[in-house]
Amino acid sequence: MKLKLSSLALAVLLSSGAMAQKKPAKVNTANIDQRVNDLLQKMTLEEKVGQLNQYTGDQDATGPITASGDKVTDVKQGKIGSMLNVRGVKFTRALQDAAMQSRLKIPLLFGQDVIHGYRVTFPIPLAEAASWDLKAIEQGSRIAAAEAAASGLHWTFAPMVDIGRDPRWGRVMEGAGEDPYLGSLIARARVKGFQGEGLGNVDAVMACAKHFAAYGAAIGGRDYNSVEMSLRTLHEVYLPPFKAALDAGVATFMNSFNDINGIPATGSSYLQRDILKGQWKFQGFVVSDWGSIGEMIAHGFVQDNKHAAEVALNAGSDMDMESRSYISSLPQLVREGKVKEELINDAVRRILRKKFELGLFDDPYRFSDEKREKKTLNKPEHLEAARDVARKSIVLLKNEGQVLPLSKDLKSVAVIGPLAKAEKDMQGFWSIDWGKEDKLVSLYEGLQNQAGKTKLLYAKGCEVQDTSRSGFAEALAVARQADVVVMAVGEQANMSGEAKSRANIHLPGVQEELIKAIQATGKPVVVLIMAGRPLVFDWTAKNVPTIAYTWWLGSQAGNAIADVLYGKYNPSGKLPMTFPRSEGQIPIYYNYYNTGRPSQNDQDTNYRSGYIDMVKSPQYAFGHGLSYTTFTYSNLVLSKPAMGKGETITASFTLTNSGKVAGEEVAQFYLRDVVAQPVRPVKELKGFEKVALKPGESKTITFTIDTEKLSFYNDNLEWITQPGQFQLMIGTASDNIKLQQTFELK
């Protein structure tokens, strides 16, 4: 996206003497704390508050822009410590040059929502989570960081590590799904990817764990909404991925828009001071979400912006993104004794420390190298990596009759659906807009690249959202001419993401009607669903034999999908979220608590926990995903039948590729504490391994069980274990357990 000229346009003119390229200075990491303290002593109160103030530029705004005066002048006067939505060496260097004209020459931090790729777009995070491939996920973040840093950026507002159990919430596309164990491992992988070998390297950016905390539990799946939950659920389900990000060295945290149990997260000292900076000893800094400090007024928690600044700063929110509350009020609040200057100093110290770690005081322009920018962006190897993780993210939901993989001997394939030739939609929400510069691969183009002599036919059939059936006749005529029909349906890129909550998450428009019409022709049909969240498609799931969930896969979407459809890559994705049959089942997730009247199956409903108008089981369970081959689980052996505290048990089993083609399987390891106080979920993921096997090949897989895996929070938020019987379950999905055994904790 081109920069919209405004007050920032002046910044370009300021850089006339600063554009010469030079090798980045080596980061001086010696005595950073002393250097921070020395600088802090030179700063006026107003300059300190300026470091806590973040404004947006005019590129790619991701929220409501607050009207302001001349931002360049504010930078020169030391009133801004960071800017977001300013990207590209030309613009970041120009604004940094303005910062060098301030009294103390404190460099700016530049942040951007680099969520799933920068120049090269990777699959949306929820799709990447479906790969269950931690190395691939880390590599995607590593490439995004290298490209972003080469473009003058220091900081990404990612990863989002919120647990999501409600697919109506549009921001599930940004996270890793419903499970705290899988989510924690993915949080760690993404932080490692973004921060690389450490801050100060010019291919690394600061990561930001967001949204702290429990944003994924917004009531009704409605964005920005309230959250009500027990503290035990908060600590057991929603906080672990944040702790994992912290343990991985994440540089920053972002608080969340929601209130939790009546306290806006931005003003929660329990979250920010007691847990994050207290119990967890976090040394980085906390940034508000866009305007969330000022939004506490609308919550009814504070009276005005001055009151908001007082509450947020005292609660531990260090940097104010876009609400203008700190810059306008903190100096007066300090003078009135309502905010201690020691707390201001602590917040400033945390921010300055990161600027020193990045090496910006040694060379403010070290991330502003046009030659490196040009050399790094859009490398062929980056595109290939995006293609690799994209195909790993595809989940084969059904393949009855073995329609897939497609044969290269087919005479014709009909490609039908509103997303068959879509390009921008494949990029998905939270992607960088490169305008006409970008080249995204559609499904149709991807199939063209691999179809060989097979003739491709095409009909759109309908639009994504409207109700017109005027294209059905053409689509039916095209389908009747083909040997196989491939249908591309789902959501447009602006239908999942921030502020994209949907009460109705069925396939939008008349797309499912189009599927019914095409299915009625009797032709073999493959339905590909492209979306940013789990959708409801009950009729299709019951009646179409072949379905794959292809999400929004990014720059190389079409090529990746074609790799899977033609068998160049054997699908290995597994669902990171449970798929409901209807919105009435939401929230739905695999690790639920049993009731006093549990149903044994979908038919067991008489005075049992369930529904009288629908089965209670999901459409597709957490961990579900098929392959073009089959896998056999056998020979489960425990090293001993019981363990004492501090001891371990190993569980070993044999995984065999019992099919005819090579493939990868994600073997999943679950545990259940059979009797506990408080009660425990029916199963919890505690381990997995992704294994590649040739036809007929076997491998022994071993999982180790220690007391940490058996521990949980009691009602006093104590991390405990209780003696008793545990059930160990190993399988290919949470609802497809192949092996199980019990053991005892003494």
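**Helix α19.** I looked up which residues of α19 (residues 443-450) are buried, and found L443, Y444, G446, L447 and Q450. Buried here means under 20% relative accessible area with a 1.4 Å probe, protein chains only. These residues cover an arc of only 160° around the axis, which puts them on the same side of α19; the arc is taken from the directions from the helix axis to the C-beta atoms. Helices are DSSP runs of H or I with at least four residues, strands are E runs of at least two, and both are numbered from the N terminus.

The model is predicted: local features need pLDDT of at least 70, side-chain atom pairs count only at pLDDT 80 or more, and totals for chains, interfaces and linings use all residues. Residues are numbered from 1 along each chain as its sequence is written, and side-chain values use heavy atoms, without hydrogens and water.

I then checked what covers the buried residues of α19; the list includes α17 (380-393), β12 (412-416) and α23 (557-565). Contact is heavy atoms within 4.5 Å. After α19 comes G452, with a positive phi near 60°.

**Helix α17.** I counted 10 of the 14 residues of α17 as buried, so the helix is largely enclosed by the rest of the structure. Among them are H382, R387, D388 and K392.

**Sheet.** I traced an open sheet of three strands in the order β17-β19-β22, with antiparallel pairing. Pairing requires at least two DSSP bridges between two strands. Its edge strands are β17 (631-638) and β22 (698-706), each pairing on one side only. I found six bridges between β17 and β19 (residues 648-657), and F631 stands opposite N657 in β19.

Technical notes. Buried means under 20% relative accessible area, exposed over 50%, partly exposed in between (1.4 Å probe, protein chains only).
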